[in-house]
Amino acid sequence: MPARLVMMLSIVGVVSSVLVAQELPPLPTIGYEVVDDLSYSQQTAQALWEPMGGTKPVSLVDIQGRQALRMPCQFRNNPVERASWDRRLTLDLAWRTGVQFLFYCRDATPVSNFTVYLHSGDGWYRGNFDASSTTTWTTVRIHKKDMAVEGRPAGWGKIDTIRISAWRGQDADTEFYIAGLGLFGAGGKVAIIHNDSVAATAPGELESVQRYTEVMAQFFDRVGLSYVVVSDLDVTAERLKGTQLVILPYNPRVPDGVVNALARFLRGGGKLLACYRLPQELEAAVGIRNGAHVPQKYAGYFASIRPAEKALEGMPPVTLQSSWNINEMAPVAGQSYVAAWWHAGDGQSTGNPAVLVSGNSVCLTHVLLADDQANKTRLLLAMVGHLVPDLWRDAAGGAVERIGRLGPYESYDAAYRGIQALVSTSSPALTALQAADQGRKEALARLSEGRFPQALAAAEEAQQFMIHAYCLAQTPLPGEHRAFWCHSAFGVDGLTWDQAIQRLADNGFTAILPNMLWAGVAFYPSDVLPTSATVRDKGDQIESCLAACRKYGVQCHVWKVNYNMGWATDKAFVAQMKAEGRTQVTYSGAANERWLCPAHPDNQKLEIESLLEVARKYDVDGLHFDYIRYPDRDGCFCAGCRTRFEAILRRKVKTWPAEVRSDADLAAKWLDFRRQQITTVVAAVAEQARALRPGLKISAAVFRNWLTDRDTVGQDWKLWCERGHLDFVCPMDYTASGSQFRHMIEQQLPWAGKVPCYPGIGLSTWSDATDICRLIEQIDITRQQKTGGFTIFNYGFAEATQVLPLLGEGMTKD
């Protein structure tokens with residue numbers, strides 16, 4: 001029964017005692033290390049937890065003699081993006097797995113998402129957490145491996161502030177509660193080094209560093225192996241004591257101090273797994289030489305990794321990996337050897353080493369990608385198990401225990417019974433289930449014999465049969481809109497447009513959204529935009545894609561990246577736009593030369609005419625906006641924007657641009673001005689394109705939180721729906737969390753109104769872009785919400801070859 005909370009003091013303004021006024025469920029027992037137990041007064045709590053501007057202060061509540069922190073979110077009639085509090089707290093998380101706390105929120109619908117920030121040095125570590133409306137306390141865990149880097153942090157060992165933020169999702173108030181702020185995980189045999197230091201030396205590498213660290217950690221999670229993610233800013237020889245294996249998942253620039261610590265670690269008997277880049281200074285200690293950067297000769301050149309004559313135990317015969325380049329390392333005679341080679345898509349060896357082995361190290365000549373999960377797990381275990389043999393035993397046991405943990409099921413028995421209940425006696429899913437059962441028995445037998453590589457292989461095969469059975473047990477929903485975004489104008493690597501579209505049609509998909517033009521380049525012969533030089537060799541990509549779509553009955557909605565000139569735009573065109581004053585300037589006055597200014601009349605004309613040209617020349621089914629926005633709240637403050645804004649105001653802005661933020665009335669007018677620039681283009685394209693080609697559908701990929709994004713990036717997509725500018729809208733709901741995905745859709749459907757809302761599923765943004773069970777979960781959520789369809793990002797090789805066929809066997813079966 002929930003505990004009745006009694007108001008200790010009812011006098012307004014008194015803050016020395018705990019103030020409570022409603023029922024809360026009892027707090028569960030805490031069995032982890034707590035760093036803030038909230039055992040202080042109301043006054044101290046409000047001093048320690050400092051609210052950001054526009055946020056109400058915290059208050060303590062008493063629950064049967066234990067205290068929790070109430071965090072009020074005032075969003076109604078309060079123009080804040082988030083409710084947020086800072087707690088100064090010194091923490092050393094260098095060798096810890098992450099932070100955790102108890103959480104309770106009776107009504108989370110007004111919140112779009114929650115975030116925890118950890119401040120260190122001149123930057124922050126940022127991690128979102130999934131928190132839905134609850135009736136009981138839940139434990140929130142923020143893993144370091146999942147946290148992104150902002151600015152230039154000084155390492156996990158120097159945390160000095162924790163910030164908790166609730167981001168505005170609706171114009172309504174709510175509150176949430178936390179208790180038992182603490183830590184989890186400590187040390188272990190394996191340390192995965194996150195290259196935080198590139199934030200200072202090469203910030204453009206941070207996203208890749210994060211992604212490949214996540215992928216590596218995910219494979220360890222897959223078989224239940226413990227590890228700790230460590231910032232390279234925290235690595236010392238002393239701290240590496242007790243660690244048996246250090247992994248460099250993608251570390252483009254390793255600081256000298258870390259190199260020295262690793263050299264000492266290796267001399268002391270430690271082991272190293274290095275992916276893609278081995279610090280040059282470690283070559284002698286490792287006995288493997290770095291080589292040249294080798295790009296693929298053609299798509300599919302580096303397609304698989306296959307064992308050499310002297311292979312590692314447990315290495316699978318073929319591991320698929322769609323790499324685009326490698327660092328060609330070489331063995332040193334008498335010290336190291338090649339254990340696996342790269343093979344092309346046709347199965348022929350490229351002659352390039354893929355895996356090299358020495359007495360204390362293993363080097364993979366590219367990063368570890370998340371495709372071909374079962375064989376990739378075996379490949380990784382072959383590498384790390386060779387270096388630390390005990391890991392084989394731990395991983396094999398974890399893999400066997402994991403069989404059946406998929407989708408909604410938490411155990412083998414639950415999965416077996418659950419899948420059986422979904423199908424008839426004649427379903428092929430039952431055959432797959434029987435194969436899974438046999439594989440599990442084989443894995444258990446090998447495990448009992450101590451044959452760990454064989455046990456792992458059998459367990460992975462059994463799990464794949466279980467996943468296949470689960471896919472076969474799904475049922476399609478007739479008549480729904482099923483689409484893929486395809487970010488490459490040339491389609492899927494290794495496939496022609498004809499082959500790529502046929503795969504979509506064969507597996508029940510109804511539409512493709514191919515990215516055929518940007519703000520400064522077209523991948524077809526254009527009279528409006530500069531035509532990419534690749535068109536001369538590869539031809540008109542809209543024509544090729546559209547021909548395949550007509551052949552197989554798939555809709556073609558041509559996707560344009562608006563305002564952002566992107567990587568493929570010719571430098572001369574970018575320079576021309578900048579010289580003509582048509583590119584953006586940030587609030588600080590810095591040039592953002594890859595983004596066109598949305599308020600410049602010539603840029604608006606370019607955006608409109610480029611899309612109308614597509615409608616005139618090609619019998620496409622639709623036009624699709626993307627990046628139809630400003631990059632963030634810092635754009636655009638160029639001289640032209642000032643002149644045009646002042647013309648609307650009919651007066652001068654005295655202190656530009658500070659006044660449009662310091663003056664509340666002027667700030668509101670400025671935000672409206674920005675929104676109008678974007679809406680003008682959307683409205684013009686919608687009206688004129690439909691007149692050119694009746695029946696043409698206009699759509700847009702949009703940010704997920706209209707309520708705040710209309711201000712931050714000027715994207716007023718609720719208005720576009722209300723005015724009929726859009727025929728369907730695709731909010732980019734890129735989260736791996738099912739409950740958060742559901743929450744987003746519940747917010748978005750009222751904003752879309754009568755316009756169909758086909759939520760964007762971020763498959764390719766997940767750490768495992770082949771996670772078919774999670775994809776099925778999110779498609780099922782769109783059906784429960786009656787959206788009428790969905791849009792998946794992105795249509796690439798792994799998605800086309802590993803994901804799409806499994807969807808087509810059940811979920812989207814034609």
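This is a predicted model: local features need pLDDT of at least 70, side-chain atom pairs count only at pLDDT 80 or more; totals for chains, interfaces and linings use all residues.
1. Gly 753 comes directly after helix α21 and has a positive phi, near 65°.

2. Helix α21 itself covers residues 738-752, 15 residues in total. From first C-alpha to last it reaches 21 Å, close to the 21 Å expected at 1.5 Å a residue.

3. Which residues of α21 are buried? They are Gly 738, Gln 740, Phe 741, His 743, Met 744, Ile 745, Gln 747, Gln 748, Trp 751 and Ala 752. The elements covering them include the strands β7 (111-120), β33 (728-733) and β34 (760-761). Helices α19 (706-712), α20 (717-722) and α22 (772-784) are also among the covering elements.

4. A helix pair to check is α8 (residues 412-422) with α10 (residues 452-472): the axes lie 10 Å apart and the packing angle is about 30°. Angles under 35 degrees count as roughly parallel, and α8 and α10 are therefore roughly parallel to each other. The crossing of α8 past α10 is left-handed.

5. On the α8 side of this contact are Tyr 412, Ala 415, Tyr 416 and Ile 419; on the α10 side are Met 466, Ala 469 and Tyr 470. By class, the contact consists of seven nonpolar residues, with no polar and no charged ones.

6. Between the C-alpha atoms of Ser 448 and Ala 568 the separation is 56 Å, with the two residues 120 apart along the chain.

Methods:
Residues are numbered from 1 along each chain as its sequence is written. Side-chain values use heavy atoms; hydrogens and water are left out. Helices (H or I, at least four residues) and strands (E, at least two) are DSSP runs, numbered from the N terminus. The expected span of a helix is 1.5 Å times one less than its number of residues. Buried means under 20% relative accessible area, exposed over 50%, partly exposed in between (1.4 Å probe, protein chains only). Contact means heavy atoms within 4.5 Å. Axes are lines fitted to C-alpha atoms, for helices over the stretch in contact, and angles run from 0 to 180 degrees between N-to-C directions. Angles under 35 degrees count as roughly parallel, over 145 as roughly antiparallel, 65 to 115 as roughly perpendicular and the rest as oblique. A crossing is left-handed if the near helix is turned anticlockwise from the far one by less than a right angle, and right-handed if clockwise. Ala, Val, Leu, Ile, Met, Phe, Trp, Tyr, Cys and Pro count as nonpolar, Asp, Glu, Lys and Arg as charged, and the others, Gly among them, as polar.
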